[in-house]
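Please look over the sequence and the model shown here, and keep them in view while reading the report.

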Amino acid sequence: MGSWAGLVPPSLPVAEASLCVSVVGKMAAGGSSREELRKELTCAICLDYFKDPVILKCGHSFCRFCISLHWDENGDDYGYQCPHCRTVFNKKSYTKNYLVQNLIAKLDDLDCLDSSPQQAKAVKVDGKCEQHGEELKLYCQTDKRPICVVCCESRAHRHHDIAPSSEVMNDMKMEMKMKLMELNWQKSRYLKIITADECTRSEVRSKKQSLKEKVEADVGALVQFLLDERDSLLESLDAEEVAAMAVIEDNLKTVEMNVKAVDKAVADINKHMSGKTSFESLSETFNEVVHCTPFASVERVNCQTVFLDTAGPFQLIMWKKMMHVLHTMPQNLTLDPDTAHPNLFISDFDTKVEEGRIRSQDLPDPPARFTRFCGVLATAQYSSGQHYWEVDVKDKGVWYLGVTTVSSNRKGFVSLAPSEGYWSICLQDRLYANGEHGRIPIADYWNSPRVGVYLDYDQGRLSFCDAVTMRRLYMFDTCFDEPVYPFFSPGKNDPGSRLQICHYY
């Protein structure tokens with residue numbers, strides 16, 4: 001034991017020196033202890049000596065690369081397991097094992113470790129030196145070629161970095177093994193990406209198909225509604241035509257009968273006036289023509305009374321009826337004065353809001369009233385379904401539009417962040433969305449007179465669009481966990497300008 005202990009460098013710290021002496025003692029004890037040492041210093045994943053060893057909370061050590069690769073391939077939402085004892089960790093967590101790393105380095109310096117625990121025999125390089133005829137047992141790291149022992153002592157290689165060929169080949173194989181592990185890890189990542197992309201591709205196709213079916217159903221319902229309305233109008237036209245023709249035919253028959261009666265009377269009178277006739281015949285004709293019942297009064301059919309049921313603005317009539325077919329139609333919202341900031345003035349049947357020049361005094365202060373932010377809520381509250389409304393912002397330089405939760409803060413400073421229960425966009429020099437960490441630019445300028453707001457509560461989506469072109473401006477994708485109110489603000493220091501909710505029916 002004393003001869004082995006002399007191999008321990010005196011510069012080692014006491015703890016590590018004692019550990020090295022213990023390990024060297026095991027190696028000196030015999031082959032079985034040497035095998036135990038190899039097992040203790042071997043990674044259970046790559047079956048090689050530790051490289052950059054780390055220790056888990058359960059006490060087992062692995063190469064950093066090996067455990068990271070293992071967790072990347074086998075980790076999931078339920079946690080990460082130790083490959084040795086199956087202990088589950090909530091997250092990837094390990095600590096660098098300096099003791100094992102230093103031990104391996106110092107034992108390697110003392111030539112107490114083989115280059116690899118799986119190394120069987122030194123690898124022999126085939127061929128002999130062409131100059132000296134000796135076996136090529138060495139490798140010149142400087143010139144990158146195998147050399148013999150004589151070449152090593154020659155002037156050409158005297159100051160070069162020389163190593164045994166077997167060690168160099170084993171190092172190359174070890175690096176290739178690590179490279180192979182890295183390539184396999186890269187391949188596994190690529191396969192995961194392929195799987196994820198294929199899944200995304202399937203989701204895109206499924207979503208497209210779902211939206212296609214929705215478009216076909218929604219547009220088909222509108223088209224069918226228009227076709228049914230057209231057929232109904234045409235049937236009404238046909239029915240009115242038949243009724244009008246019957247009236248005209250009856251009138252024509254009456255007129256024709258009167259014409260025949262008149263023609264007969266005229267012929268009888270001409271007969272008695274032009275020739276000789278008896279008194280009896282003249283008297284009879286006189287009594288029939290002069291003293292007979294007068295002809296029935298007949299007037300032409302008034303065409304202005306025809307097609308009254310189908311006359312009118314067809315498109316407007318169908319648009320009115322179409323509102324009952326639409327899943328989402330513009331809603332006629334009204335403002336809630338009890339929530340308005342004291343500086344705001346509500347008018348036009350609670351549809352218009354503007355900043356007043358005089359602050360309203362002696363107003364009650366319910367929890368829903370804004371006290372610092374110049375805002376006002378609508379009376380409508382939404383906890384499900386799809387809803388759409390439009391706001392007139394013509395010639396308005398500053399405004400805020402969006403929705404807020406029932407329990408959001410209205411007192412003092414109001415943060416318009418989604419985490420505070422506000423989802424909104426605003427106009428101040430340019431168009432912004434009020435995000436979690438500040439404003440998000442949407443457009444450099446705004447010149448449309450109306451803004452459309454579309455709320456899909458169940459899907460957690462709030463969209464804003466140009467209500468003239470229906471071009472989407474911005475969309476919040478979230479999850480509403482309580483009812484929301486539409487809210488409006490004409491901004492501050494802009495008296496006289498107004499926001500107004502658009503009503504269409």
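## About the model

The structure is a predicted model, in which local features need pLDDT of at least 70 and side-chain atom pairs count only at pLDDT 80 or more, whereas totals for chains, interfaces and linings use all residues. Residues are numbered from 1 along each chain as its sequence is written, and side-chain values use heavy atoms, with hydrogens and water left out.

## A three-stranded sheet

Helices (H or I, at least four residues) and strands (E, at least two) are DSSP runs numbered from the N terminus, and two strands are said to pair if DSSP finds at least two bridges between them. In the order E7-E6-E8, three strands make up an open sheet with antiparallel pairing. Its edge strands are E7 (145-147) and E8 (162-164), each of which pairs on one side only. From one strand to the next the twist averages 40 degrees, where axes are lines fitted to C-alpha atoms, for helices over the stretch in contact, and angles run from 0 to 180 degrees between N-to-C directions.

Strand E6 (residues 138-140) is joined to E7 by three bridges in the antiparallel sense, and Leu 138 stands opposite Ile 147 in E7. Helix H7 (residues 165-274) packs on this sheet, where it touches E6 and E8, and its direction makes about 85 degrees with that of E8; touching, or contact, means heavy atoms within 4.5 Å.

## Aromatic rings

Rings of Phe, Tyr and Trp (its six-membered ring) pair if their centres lie within 6.5 Å, and planes under 30 degrees apart count as stacked, over 60 as edge-to-face and the rest as tilted. The whole structure holds 14 aromatic pairs. One of them is stacked, with Tyr 382 and Trp 389 at 6.0 Å centre to centre and 25 degrees between the planes. Relative accessible area is worked out with a 1.4 Å probe on protein chains only, and a residue is buried under 20%, exposed over 50% and partly exposed in between. Tyr 382 is buried at 7%, and Trp 389 is buried at 1%.

Tyr 474 and Phe 476 form an edge-to-face pair, 5.0 Å centre to centre with 75 degrees between the planes. Here Tyr 474 is partly exposed at 23%, while Phe 476 is buried at 6%. Elsewhere, ring pairs link Phe 370, Phe 373, Tyr 400, Tyr 422 and Phe 487 into a cluster.

## Positive phi angles

Most residues other than glycine have a negative phi. Asp 52, however, has a positive phi near 55 degrees; this residue lies in the loop between helix H3 (31-40) and strand E1 (53-55), and is partly exposed at 29% relative accessibility.

Asp 429 also has a positive phi, of about 70 degrees, although it is not a glycine. The loop that holds Asp 429 runs between strand E14 (422-428) and strand E15 (430-435), and Asp 429 counts as exposed because its relative accessibility is 77%.

## A buried strand residue

Which residues does Ile 501 contact, leaving aside its neighbours within four places in sequence? They are Leu 333, Thr 334, Leu 335, Thr 351, Glu 390 and Phe 488. Ile 501 belongs to strand E21 (residues 498-501) and is buried, with a relative accessible area of 5%. Although Ile 501 and Thr 351 are 150 residues apart in sequence, they are 5.2 Å apart in space, C-alpha to C-alpha.
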